[in-house]
Each structure stands twice: as C-alpha cells, then as structure tokens.
Amino acid sequence: MESKTILYIILAAIVALGIVVFQYIYKQKAKSKIYLLLAFLRFVGIFGLLLLLINPQFAQKTYTLEKPNLVILADNSTSVAEKGEELKEIISKIKASKEISNRFKIADYKFGSDLNILDSLSFQDKNTNIYKSLSSLKDVYAREQMVALVLSDGNQTIGEDYSYFKIDRNNTIYSMVLGDTTKYKDISVGPIQTNKYAFLKNKFPLETYVSYQGNTPVSVSVSVKMNSKIVHKENLKFNADVNFKTIAIQIDANSVGIKKLEVEVSQLVEERNIKNNRRATSIEVIDEKTKIALISDILHPDLGALKKAIESNEQREVSILKSSASNSVLEDVDLFIFYQPTAKFKQSFDFAKSKNANTFIITGSQTDYTFINKLNVGIEIETGYPQQEVFGLLNNAFTKYDITNFDLTDYPPLVSDAGPILITSPFETLLGTQIKGLNIQQPLLSVIDENGSKRAALIGENIWKWRVQTYRNTNEFVNFDEFIGNLIRYLTSSKNKSRLNVDYEKVYQGSNNTVITATYFDETFLFDKNAKVSIKVTNTDTQKSQINPMVLKNGFFEADLSNLVAGEYDFVVSVEKESKIEKGSFVISEFDMENQFVSSDNLKMEKLAINSGGKIFYPAQIDVLLKDLSTNDAYVPTEKSTENIVSLIDFKFLLGIIVFAFAAEWFIRKYNGLI
C-alpha cells in the first residue's frame, strides 16, 4: 500500500474521531458507558464510510506449483498397425508411472494427417504428417514448458520434412521408434503420372519410376496393364549405384470408359514388402469429338480453309454438306455453319432451330439477304449494295473470351455486298469493319448470346486469304487456326442452368480424399442453405449402397466418402421434397501410401530428437526413457506466485460493518429514549 494512502487513512481516523468527540463528548454532558458505546459505533460507521471513499488497495499473493507438460504423440496410421499393441502398452506404462505423474502434466494426442485428442487408437489413417502435428503442439504450448514424446515409425507421407522441425527454446522432443529398423532389399513402383481424361483414338502419356533398395545387382520385369491387358513390358537392371529408373510410355485410348491402369514390378527373391511392387490408377477415355456441319451449295476456297482451321484440333470433325442434306445426316451435328445461305437452306435452318443448336452464318456475294432477314435470328441486313473490300478491326473490348493473341497485321480485305447491319439481339462485336481506311462502326464478325443460344455472323467472304497471310507472316497457320478454333469453342460450349449442380472427380487416388460437393438453388437461383441434400452411393461390384446427408459448408454441400474401399461406384444426389437429382460415377483406385515402406526411418527420428535437445529410444528402452524423464533436472515443477490487487470496496463485509454500526447506534438510542 502506498504511503499516500496510509496518510489518507490516518486522516480519516482523525476526522471520524473528531466528529465523535464533538457529538458525544463535547456536546453531551452525560458520561455514562452507553454514550461511550454509541460514540464507538458512530466512529466505526463514519470511519468505514471514509475508508470506502479512499478505497485503499491490498495485494494478495497466491502460490501454485506448476508442472512441465509431457505430451505423448502417438502415430495412428496404418503403417504402425502391426505394432499397435506395443504402442498402447508403452502409453499405459508411461501413464501408470507415479514418478512421471508427480513430475509432469500428461496429455496425449494421436496423429495421422491431422492432430487429434487421443481417445482411442484405430490405426486407420492413410497418411502421416508428423511436421503438422508438431507445429500444432508448438502453438498449443507456446507459453508453457513442454516435453513431446513422438511414438512413430518415422515414415511420413505428406507435409514438410519433420527432421528439420524447430521447437521453442523451452521445449524438448523425445522420439521412440516403432517397427523394424533393419534395411531390407526392396523394389518399389513410384507414383503414376497421367491425365485424368484421354480422348478416344488418341494416345495419352503414362510416367512412373521404379526404385531399388539394396547393394547386390538384380534384374526385374515391369509391366503396364490397362484393364488387365498388358500394354507395355520391359526388363530393368539395378545395382548399388543404379537404383532408380523412369518408365515413360504412350498408351492408345481405343475405347470409351474408365480404364484401370496398373504398373507392376516382379518380386525379388528376398523381398519382404511386396505391397509397394504395384501401383494402380484410372483414366477416363471420352469421345468428345465435336461434329460440325459446314453447309454450302457452292464451291469456294473458304470451305477448305475453315475445315483445315477447325480440324487443327483433333477433337473436331467437319463435314461439308449440301443444303439438301437429310435430317438423319444432321442429327449428330453439334454446330451448324451456314456458308452464303439462300432460300434453299430453309430446311437445314429449321432443323438446327428445332435442335436449339448454335449456328455460324457467313455471308458473301451469293447470299440471299432477304432470306436471312426472314429467319428471325436477330440480324437484319440491307440489300442492293455493290461489292466492296472490307478490312477487319480487332475489338479489344471483346469480353466473351481472350482474343489478344490474334494478329491482323497485313491481312487482306474480305469482299462483301452487304448494306448497313441491324442486330436486334444482345451481341458483342469481335471484329469491326473498315472501308477505305474509315471505321464505319459496323460489325464484320459478331457473336450473339440470347436465352442460352449462341450465334455468330461473319459479313464477308474470302477468309481463306487470311489463313494464307498467316502462313506468310509466321510460316505456320497457328494465328488464324487458333482464332477460328476459339470462336468454334465458344459456339460449341454450353452451360446448363441447373438448380442442382454436382462437382466431383471421375478418379480418386485412394479413398482418403474422396469428396463430392453440390450446390442447390431455389427457383430464383439463390443458394438454398436450408435444403436437405443427400447422396446415395452404390458399389457396382457388390451392389451395396449407403446414403449419407451432405453437410452444409461455406456456400456448398459436401459429402466425405473417405470410408469407401477401392472400387467403382455410382451415385445419386437428391434434394428432399424436390424432384431434382444428379447422377454420376467415379472410381477409387486401390492405393495406401503407408504400405509402401519396408522399415522404420530411425535416422530422421533421431535427427528430430537431437535437434531439439532430446533423445531417441526404442520400445525395449521404455524403462530408460522413464528414468531419464523422472531424474532430468531440466524437467522439475516450479513454484509460481500470483499477485492479485484487491480494492477495499470489493470487501462486502466492510459494508456490513458500517450498516451494523449505524443500525446498532440508532437502536440503542431509541431504546434508551435518546434523541
């Protein structure tokens, strides 16, 4: 308490005493014991009130004994399943030690890909991330002394290299290595790198590697299978110096569907772990070839130029047809290109309209503009104008897709006899029109996007000259072909405006990351967070099904299917009390990274412990570990004092004394008839 406060208290006592003397000694003539009692009570009451006004503060100290934290970090991955009982016994023995419990606050966690409280050990985690687990503990015990005991085989499958983990200065890491540390001869297949999708009749790449652990020369055979059929086979030789070889091949995609790919290496004579001799993945072969009808009743170089440019992408197929082509021929067409249409094109125009197909109209000197004006396609062109040369102007404000790479340098003019153009539908100009050096503010090439239907119009012929000029400029046709290709891609792409949309992968590498998401919108196309969305998943081999509710996340619904085993599955996503459903299928490849290891990684575990000032132990040394922890002077409980500043006004009993003093004085005065 400050000296200033003490002076105030003394002054308060003097004031209270002065008041009492004045009231009961100086003014009162009677000197009985009752007056002395009343004077005392008055003094207590007044002095108490003055103390409350001064409100002195008192320091209270409490002492606590703080133990360091012993954090047990147990590996819950499948790679330590064989040592599971031994791991549980180690944890039980640590917890049962009185010396340890007297010296430490014991906390236990388990980890796989994430850190969790240890309630039970299942050894089902498909990945191990020791670095992430240690980082989480570092944050939890940032202000406390901690000794971490890592119980693991040291084989980490994801995350940063834990052997370089840096712990805080007041923390230490001990490691105990589980499993066999002997280095055995082993051959293994690395991850398979390939595409998720391949196009029919194309080749797709597959790349992997084979690694060897051992000192003596060995010879093995490697085979690559697609749907159990061998598509590649070769022999490899390894020794102590040559222990890694890459496999890189091209595989033919001859049929549509999901294809199971397997890479398998033959077993060594003395090999213990053969689970890593085989890896599998899947790829979906799809027939995404876009069929385009180029309809024309005349012969023109533009037809060949357009066909070459469009088919520069192998997934597009162009058929040059007459306007009289039957509907059966046009049935599979995805995009209709009408070249210089006339009234004879009415049948094919009507068929394209009935299919709600996208169209591309190219006009020229033999075009019937009166027919186009009657089609109700959002374009009206005045007739009766002479042929003239028109140059293209790139519209840099075009927003439908990127056209910045298209170069019109030295491109010759097109020929057109079209008059002024009126476009009555929402459109964007891709190329403007320039005549005799003047921008006439008319579109040469424009695109219309209306009610989900896409149309394009090019008002001019002789576009073949542009392709020739591209070759003159660059010795290749890329500039022109990519320009036409991007336009075709835009016209052939369509997004269905569906209220229920599902996002998923066709192939999942192992079940660990098998997640399917969905979005559901109400009739006004606002996200409906109150919807109840569920997914039914069926194994196509066993026909066993499971129904899971999809959990609401931040703007979408999610289903975690990591409990599924490897195989092929069909699924149906549905919304309660709604008819909306979405169907699909996917494949889970059979792969467990934890089974790829032959022995424990004691070297990294030792480096982790030494870098933090700890030690490495093995299960047989559990007693040595307990003795080290219980006798190490670095880990002893410390006494800590806590000072708590308390104001006098917080003491309720003082208010009680004041009330009692004044009440007792009043009662005694009244009882004795005093005023």
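**Rings, charges and helices**

Guide: Happy to! Let us start with tyrosine 174: its relative accessible area is 2% in this predicted model, so tyrosine 174 is buried, the cut-off being under 20%.

Visitor: How do I describe a pair of aromatic rings?

Guide: In general, you give the distance of the centres and the angle of the planes. This structure holds 24 aromatic pairs. Take phenylalanine 43 and phenylalanine 47: their ring centres are 5.7 Å apart and the planes are at 0°, so this pair is stacked. Both residues belong to helix 2 (residues 33-54), where they are four residues apart, about one turn of the helix. Phenylalanine 43 is partly exposed, at a relative accessible area of 23%.

Visitor: What about the rings of tyrosine 174 and phenylalanine 617?

Guide: Their centres lie 5.9 Å apart with the planes at 5°, and because planes under 30 degrees apart count as stacked, this pair is stacked. The two residues come from distant parts of the chain, 443 residues apart: tyrosine 174 is in strand 6 (residues 171-177) and phenylalanine 617 in strand 36 (residues 616-617). Phenylalanine 617 is buried, with a relative accessible area of 5%.

Visitor: Which residues form one aromatic cluster?

Guide: Look for Phe336, Phe338, Phe345, Phe349, Phe351 and Phe371.

Visitor: Which ring does the charged end of lysine 454 sit over?

Guide: That is the ring of tyrosine 490, with the charged end 4.3 Å from the ring centre. Arginine 467 has its charged end over the ring of phenylalanine 477, 3.9 Å from the centre.

Visitor: And how are two packed helices described?

Guide: By the angle between their axes and the distance between the axes. Here, helix 10 (residues 464-474) packs with helix 11 (residues 478-492) at an angle of about 140°, and the axes are 7 Å apart. That angle makes helix 10 oblique to helix 11. Helix 10 brings Trp466, Arg467 and Thr470 to the contact, while helix 11 brings Val478, Asn479, Phe480 and Asp481. Sorted by class, the contact has three nonpolar, two polar and two charged residues.

Visitor: One more, please: is tyrosine 141 buried or exposed?

Guide: Tyrosine 141 counts as buried, at 8% relative accessibility. You will find tyrosine 141 in the loop between helix 5 (130-140) and strand 5 (146-152). Leaving out residues up to four places away in sequence, tyrosine 141 touches Asn69, Val71, Ala107, Tyr109, Met146 and Asn171.

Conventions. Residues are numbered from 1 along each chain as its sequence is written. This is a predicted model: local features need pLDDT of at least 70, side-chain atom pairs count only at pLDDT 80 or more; totals for chains, interfaces and linings use all residues. Side-chain values use heavy atoms; hydrogens and water are left out. Rings of Phe, Tyr and Trp (its six-membered ring) pair if their centres lie within 6.5 Å; planes under 30 degrees apart count as stacked, over 60 as edge-to-face and the rest as tilted. Buried means under 20% relative accessible area, exposed over 50%, partly exposed in between (1.4 Å probe, protein chains only). A charge sits over a ring if NZ of Lys or CZ of Arg is within 6 Å of the ring centre and within 35 degrees of the ring normal. Axes are lines fitted to C-alpha atoms, for helices over the stretch in contact, and angles run from 0 to 180 degrees between N-to-C directions. Angles under 35 degrees count as roughly parallel, over 145 as roughly antiparallel, 65 to 115 as roughly perpendicular and the rest as oblique. Contact means heavy atoms within 4.5 Å. Ala, Val, Leu, Ile, Met, Phe, Trp, Tyr, Cys and Pro count as nonpolar, Asp, Glu, Lys and Arg as charged, and the others, Gly among them, as polar.
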